[in-house]
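Please report on how this chain is put together.

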Amino acid sequence: MLDLVAKCEQEHGFDYTPLDIILEKYKGQKGAIIPILQAIQGEYGYLPREALEYAAKKLRLPVSRLYGVATFYAQFHLNPRGKNIIRVCQGTACHVRGGARILETLKEQLQLEVGGTTADLKFTLESVACIGACGLAPAVMINDDTYGRLTPEKIREILQNY
Ligand code: FES
């Protein structure tokens, strides 16, 4: 009889090997759902449905339990994310200084809605409440870099560098 990994791989064409290593590491540890989900996301970049279903089977938990945790915490993502994460500040300071125009420019340039990822997985567009750079409003973060005092022209130029 095929073991669970081989059987699932045959059915879904999904690489379960890293998942097995993660689950082995946390075997028998109660309350390890969050670190397990963090490790899965670290491995795949998000929480693939196949991974959650497989983990639930191995953990002998209903998959709804894993989805419950995954959807409760903002750190978890159920869809693939881009290589570059763009966070457009829409906090008060940025809002009064034209943050909405910056967001519109990015939506138009990337042909994305907030929360979306480009088909080539290059960019994910997010909107956030404040990135702690109010003095530089309107501001945007791309990965770990902060850009401030933006105009639609400036953000278009910056985007070219990614
Ligand atoms: S409101 Fe945008 S950085 Fe604070």
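## A loop residue and its surroundings

N143 sits in the loop between β3 and β4. Helices here are DSSP runs of H or I with at least four residues, strands are runs of E with at least two, and numbering starts from the N terminus. The model is predicted, so local features need pLDDT of at least 70 and side-chain atom pairs count only at pLDDT 80 or more, while totals for chains, interfaces and linings use all residues. Residue numbers run from 1 along each chain as its sequence is written.

N143 is exposed, with 10 other C-beta atoms within 10 Å. The burial scale counts other C-beta atoms within 10 Å of a residue's own, all placed from the backbone: 20 or more is buried, 12 or fewer is exposed, and in between is partly exposed. Setting aside neighbours within four places in sequence, N143 contacts N84 and I85. Contact means that C-beta atoms, placed from the backbone, lie within 7 Å. K57 is 86 residues from N143 in sequence, and their C-alpha atoms are 34 Å apart.

β1 (84-89) pairs with β2 in the parallel sense over six bridges. Pairing requires at least two DSSP bridges between the strands. I85 stands opposite T124 in β2. β1 also pairs with β3, in the antiparallel sense, over three bridges. There, V88 has V140 of β3 as its bridge partner.

## Cores

In soluble globular proteins, nonpolar side chains tend to be buried together. A nonpolar core is a set of buried Ala, Val, Leu, Ile, Met, Phe, Trp, Tyr and Cys residues joined through C-beta atoms within 7 Å. The largest has 14 residues. I86, V88, I102, L106, A139 and V140 have the most contacts inside this core. β1, α7 and β2 each supply at least two of its residues. A second, separate core has 13 residues, including Y16, L19, L47 and Y54.

A139 touches C89, C94, I131, A133, T146, Y147, G148 and L150, leaving out residues up to four places away in sequence.

## Helix packing

How do α3 and α5 pack? Helix α3 (residues 33-44) meets helix α5 (residues 63-72) at an angle of about 75°, with axes 11 Å apart. Axes are lines fitted to C-alpha atoms, for helices over the stretch in contact, and angles between N-to-C directions run from 0 to 180 degrees. That angle makes α3 roughly perpendicular to α5. The classes are under 35 degrees for roughly parallel, over 145 for roughly antiparallel, 65 to 115 for roughly perpendicular, and oblique for the rest. I33, I34 and L37 of α3 make the contact with L66, V69 and A70 of α5. By class, this contact has six nonpolar, no polar and no charged residues.

Most residues other than glycine have a negative phi, and most peptide bonds are trans.

L121 is partly exposed, with 13 other C-beta atoms within 10 Å. R149 is exposed, with 12 other C-beta atoms within 10 Å.

Technical notes
Contact = placed C-beta atoms within 7 Å. Nonpolar A, V, L, I, M, F, W, Y, C, P; charged D, E, K, R; others polar.
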